[in-house]
Amino acid sequence: MAAPALPAPAPAPAPLPPKPVSASAVQYLRPPQPVYPLQSKRLGERGLVVLRVVVDVQGRPKQISVEQSSGFRRLDEEALRAMREARFKPYMEDGQPREVSVPAPINFEME
């Protein structure tokens, strides 16, 4: 006689989608360090790039997209590059790290 079949284990719960939070709800451990593109300086390009960053439970940027362009491709690309190197303090909710989606402004202004 065959042993009775065991019920299949319950599937693991789906991970929560990134929680949208304000920029003030997260802290940088290593802020982005954008380098003003030389060509942009020469041409007088300046502006604000607002990135949308999904920060994973380890505090690393998981996804980065341009939410608001500066109007200049070089500045937008440099903001994306700099943000990939940034690190955040993991966002905690109920004592557990949580993936979050946060706006991250990067301003390019001539000095």
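Let's start with the open sheet: four strands line up in the order β1-β8-β3-β4, with mixed pairing. Strands here are DSSP runs of E with at least two residues, helices are runs of H or I with at least four, and both are numbered from the N terminus; two strands pair if DSSP finds at least two bridges between them. The edges belong to β1 (19-20) and β4 (61-68), each with a single partner strand, so one side of each has no neighbour in the sheet. β1 and β8 run parallel and are joined by two bridges. Look for Lys-19, which stands opposite Val-100 in β8.

A word on the model: it is predicted, so local features need pLDDT of at least 70 and side-chain atom pairs count only at pLDDT 80 or more, while totals for chains, interfaces and linings use all residues. Numbering runs from 1 along each chain as its sequence is written, and side-chain values use heavy atoms, leaving out hydrogens and water.

Now for the rings. There are two aromatic pairs in the structure (ring centres of Phe, Tyr or the six-membered ring of Trp within 6.5 Å; planes under 30 degrees apart are stacked, over 60 edge-to-face, the rest tilted). One of them is Tyr-36 with Phe-108, edge-to-face at 5.5 Å centre to centre and 85° between the planes. Tyr-36 sits in the loop between β2 (28-30) and α1 (38-43) and Phe-108 in strand β8 (residues 100-108), so this pair ties together parts 72 residues apart in sequence. Both Tyr-36 and Phe-108 are buried (under 20% relative accessible area with a 1.4 Å probe, protein chains only; exposed is over 50%, partly exposed in between).

Finally, visit Asp-94, in the loop between β6 (92-93) and β7 (96-97). Most residues other than glycine have a negative phi. Asp-94 is not a glycine, yet its phi is positive, about 55°. Asp-94 is also exposed, with a relative accessible area of 76%.
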